Amino acid sequence: MFLFLNPYFSYFLKFNIFEWAFYAVLKDRKLARNASCLTHATGAIVLNGAHIIWPNTALFALSKHWSTGYFLYDIYFTLMYEKMNKVRLAYIYHHLATCFILRYPPAFYFADQMLFWGELSNIPSYFVYHYLHVAPASQKLQRWKKGQKIVYGGIRVPILTWLTMTLWYKAPSKLPLLFVTPVYFMGLAWTMQLLKK
């Protein structure tokens, strides 16, 4: 019974329900997962944006439960339905490191700002993925790919670089940063991949 009362498990279940609902419409498991990812990103932007404007513990707790539940769902999906490789392991690491930094006060570790900007930078990627699968020759795909380069690179390089450097300068303990900084470098590496295309 305790497991069902746990807010992280509760949100893990909700993201599975989102996936099932999207699957009923899209008839494709990977597209349904992509729609669930977009749902998480949108919710994380709203919750963390609200927390940045109106900081309070309850709002950050909701954001933490929302994102941790999603990351648990996505790890589960990866382990159940995808072939394991270096990229998948990097995603799992990304999710675990983000869950870890969410345990620390956002006033000192900026998890709310990192999630807000990180998820905002991901939004075009979900549309690129969708159109790659449903309309690979469309102009919409080409427009979203251009938008992806601009939005992802425009956020990941200047904004998240500034946040990461500020975090290293101000954080009371450097231990959490050792876990989350590789995620920042993963974002830079993906920016370079996007710009090469």
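This is a predicted model: local features need pLDDT of at least 70, side-chain atom pairs count only at pLDDT 80 or more; totals for chains, interfaces and linings use all residues.

1. Pocket volume and lining. The largest pocket holds about 1100 Å³ of space. Its lining is made up of 34 residues. Those nearest the centre of the pocket are Tyr91, Asn122, Ser125, Tyr126 and Trp190.

2. Where the lining comes from. Two or more residues each are given to the lining of the largest pocket by helix H3 (29–53), H4, helix H5 (86–101), helix H7 (111–134), helix H8 (139–156) and helix H10 (175–196). The biggest share is that of H7, which gives seven residues.

3. Sorted by class, the residues around the largest pocket are 16 nonpolar, ten charged and eight polar.

4. Helix H4. This helix covers residues 57–81, 25 residues in total. From first C-alpha to last, H4 reaches 36 Å, which is close to the 36 Å expected at 1.5 Å a residue. At the start of H4, the backbone nitrogen of Ala58 has a side-chain oxygen of Asn56 within 3.2 Å.

5. Asn16. Is this residue buried or exposed? Asn16 sits in helix H2, residues 7–26. Its relative accessibility is 6%, so Asn16 counts as buried, the cut-off being under 20%. Apart from neighbours within four places in sequence, Asn16 is in contact with Tyr73 and Tyr76. Both numbers fall within the range of H4, residues 57–81.

Methods. Residues are numbered from 1 along each chain as its sequence is written. Side-chain values use heavy atoms; hydrogens and water are left out. Helices (H or I, at least four residues) and strands (E, at least two) are DSSP runs, numbered from the N terminus. The expected span of a helix is 1.5 Å times one less than its number of residues. A polar contact is a pair of N or O atoms within 3.5 Å; within protein, one must be able to donate a hydrogen and the other to accept it, and residues adjacent in sequence count only if both atoms are side-chain atoms. On a 1 Å grid over the protein atoms alone, a cavity is a set of points where a 1.4 Å probe fits but cannot get out, and a pocket is an open set with protein on both sides within 12 Å along at least five of seven lines; lining residues have an atom within 4 Å of a point. Grid points are joined across faces, edges and corners, and a volume is the space filled by probe spheres set on the points. Ala, Val, Leu, Ile, Met, Phe, Trp, Tyr, Cys and Pro count as nonpolar, Asp, Glu, Lys and Arg as charged, and the others, Gly among them, as polar. Buried means under 20% relative accessible area, exposed over 50%, partly exposed in between (1.4 Å probe, protein chains only). Contact means heavy atoms within 4.5 Å.
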